[in-house]
Amino acid sequence: MTDDPITTGTSRRAFLRGTAAAGAGLMAAATTARAEGPDPLITDVQPWASEFGDPVDAAPYGAPIRFESHVVRRNVEWLTESPVSSINFTPIHALEGTITPQGCAFERHHSGAIELSKADYRLMINGLVETPLVFTYEDLTRFPRHVMTAFCECAANGGMEWGGAQLEGCQFTQGMIHNMEYTGVLLRDLLAEAGVKPEGKWVYVEGADASSNGRSIPLEKAMDDVMVAFFANGEALRKEHGYPVRLVVPGFEGNMWIKWLRRIGIYDQAVEGREETSKYTDMMPDGRARKWTWLMDAKSVITSPSPQAPIRHGAGPLVITGLAWSGHGKVARVDVSVDGGKTWAPARLSGDVKSKALTRFHYDMNWDGQEMFIMSRCIDETGYVQPTKQALRDIRGVNNVYHNNSIQVWWVHADGEVENVEIA
Ligand SMILES: Nc1nc2c(c(=O)[nH]1)N[C@H]1C(S)=C(S)[C@@H](COP(=O)(O)O)O[C@H]1N2
Ligand SMILES: [Mo]
């Protein structure tokens, strides 16, 4: 199951063979990367070198080149009854680094994505405050601005996998997540402007869409790092992510990240919105429920190789890569196992490790071409270790939907194809 056109059309393999031998040094010895006779991609003048390319104004706002058209959000049609109250998945198997482009970042709407202009935008703060306030979009831009990167993970991410390995691809098993660099103002600065009364303990937030998606956030969190954001990855939020203003609640489950934010109400207790929800609780096997499980525990997944990103180059040097994150802070370490969990070795954490944001890891190995069971486990700065699926089931049972942060196992076959499996 793959949708990557890398081996179709051009003779990219031949190109790699022809060039890699020269500079690869250490690696070259173990690969098949060496010249095998004349390669027209090296010896012949190609069409793209014989004529002009596109003029600068061909696309005032650019889209990915057509060769990357498979890197898109996808949904699982049987999952929800209606596409306006539904979810789709980030193609994490095909992305690198840590930032999720808005155009392929998963979407979750309870009543569809609405079109709300900056001119029509209003944000009200009321409830237990000294001065109830209404802000226009312009008003918000006059508060001190901050920049932060944070992951947003739906609490249902991995939910379909509780009972057993089900979906072929990390896009579907772990793709209800995105990670963006936001610019906006701190919620605490807006709350200070209104003046929270001493009785105020909970911050109720709701959106302008029909569902409103009303949720309550503890005041301590609201006064800590919650952002009222209007830019993501350097540009205005996209409509589907809450244009013109959304809430960013680092480390907390996605459903509290209110899009098209319209009201902030201060109360002495937690209240919920129009959309009746049990999102704050997870059912336990004995019928009791875990309450207030909004903090996202440490998790990781190998994004490549994975079912949608099989190994195409045969034995030899292999780069295993993936993502790790924790709602409790920074990722401290990621271990990788290629023998089904018998032995583990630390992966490299590439780039900056940011708190409550995605961290990229790489694990460089020499693959002998035999089948292997590969998995990753995240350890965060609190010392918490990502559990196996069985360990999680032992505690929470199988009737769960939310907060499956267990270890993902991929079965890599000798031909390079990869399958979603569980091992006992
Ligand atoms: N107003 C509003 N905010 C919302 C929702 C919604 O339906 N309406 N869905 C929530 C849920 S459940 C999630 S997981 C995140 C998803 O954000 P995204 O669509 O940017 O991925 O938005 C949250 N904020
Ligand atoms: Mo969600």
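The shell around ligand 1 (residues with a heavy atom within 4 Å) divides into five nonpolar, nine polar and six charged residues, where Asp, Glu, Lys and Arg count as charged, Ala, Val, Leu, Ile, Met, Phe, Trp, Tyr, Cys and Pro as nonpolar, and the others, Gly among them, as polar. The model is predicted, so that local features need pLDDT of at least 70 and side-chain atom pairs pLDDT 80 or more, whereas totals for chains, interfaces and linings use all residues. Residues are numbered from 1 along each chain as its sequence is written, chains are lettered from A and ligands numbered from 1 in the order in which they are written, and side-chain values use heavy atoms, with hydrogens and water left out.

Of the 20 residues around ligand 1, those that come nearest are Phe106, His110, His241, Arg246 and Lys259. A backbone N or O atom of Phe106 lies 2.6 Å from an oxygen atom of ligand 1, and a polar side-chain atom of Arg246 is placed 2.7 Å from an oxygen atom of the ligand. For Asp209, a polar side-chain atom lies 2.8 Å from a nitrogen atom of ligand 1. The protein covers 100% of the 540 Å² of accessible area that ligand 1 has on its own (Shrake-Rupley method, 1.4 Å probe).

Glu253, at 0% relative accessibility, counts as buried (under 20% relative accessible area, with exposed over 50% and partly exposed in between; 1.4 Å probe, protein chains only). Although Glu253 and Trp294 are 41 residues apart in sequence, their C-alpha atoms are 5.2 Å apart in space.

How values were computed: Polar contact = N/O pair within 3.5 Å; in protein donor to acceptor, adjacent residues only side chain to side chain.
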